[in-house]
Amino acid sequence: QVQLVESGGGLVQPGGSLRLSCAASGIMFRISGMGWYRQTPGKQRELVAVIGSSGTIEYAESVKGRFTISRDNAKNTVTLQMNNLKPEDTGVYHCNVFGSVVASGSRRQYNSWGQGTQVTVSS
């Protein structure tokens with residue numbers, strides 16, 4: 001029932017910018033954070049950025065100073081502003097949302113993924 005829909009990917013030249021957006025629906029748990037991962041064929045999936053409900057933010061070292069993640073908690077959306085893009089940023093970017101539900105003294109954790117949006121940085 002959980003659905004994450006990403007948008008904003010495309011083809012851009014090195015040094016250009018893109019803005020990725022993700023809208024979550026059907027979330028039946030308390031969201032702890034939302035983030036972005038990227039995947040290139042033959043390579044490990046990499047955490048790009050994550051933002052917690054309290055505002056805590058983490059970035060991959062390779063994108064620090066270039067990418068900015070933000071979130072609208074009320075609307076369950078997360079945005080990734082990507083500036084000064086490099087060819088190494090090319091990949092499929094997946095939105096991720098995680099959280100938990102507490103019931104009867106136990107905590108059940110959830111982790112959901114979007115289908116991805118392609119980002120290609122090339123001259």
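The legends below describe views of a predicted model.

**View 1. The disulfide between C22 and C95.** The structure holds one disulfide, a term used for a pair of cysteine sulfur atoms within 2.5 Å. This disulfide joins C22 to C95 with an S to S distance of 2.1 Å, and the angle of -85° about the S-S bond makes the link left-handed. The pair links distant parts of the chain, 73 residues apart, with C22 in strand β3 (residues 18-25) and C95 in strand β9 (residues 91-103).

View 2. C22 counts as buried because its relative accessibility is 2%, and C95 counts as buried at 0%; buried means under 20% relative accessible area, with a 1.4 Å probe and protein chains only. Of the 123 residues of the chain, 39% count as buried.

**View 3. The strands and the fold of the chain.** The chain has zero helices and eleven strands, where helices (H or I, at least four residues) and strands (E, at least two) are DSSP runs numbered from the N terminus. Among contacts (heavy atoms within 4.5 Å) between residues at least 6 apart in sequence, 57% join residues at least 24 apart. The C-alpha atoms fill a box of roughly 55 × 25 × 25 Å, taken along the principal axes.

**Notes on the model.** Residues are numbered from 1 along each chain as its sequence is written, and side-chain values use heavy atoms, with hydrogens and water left out. In this predicted model, local features need pLDDT of at least 70 and side-chain atom pairs count only at pLDDT 80 or more, whereas totals for chains, interfaces and linings use all residues.

Key. Buried means under 20% relative accessible area, exposed over 50%, partly exposed in between (1.4 Å probe, protein chains only).
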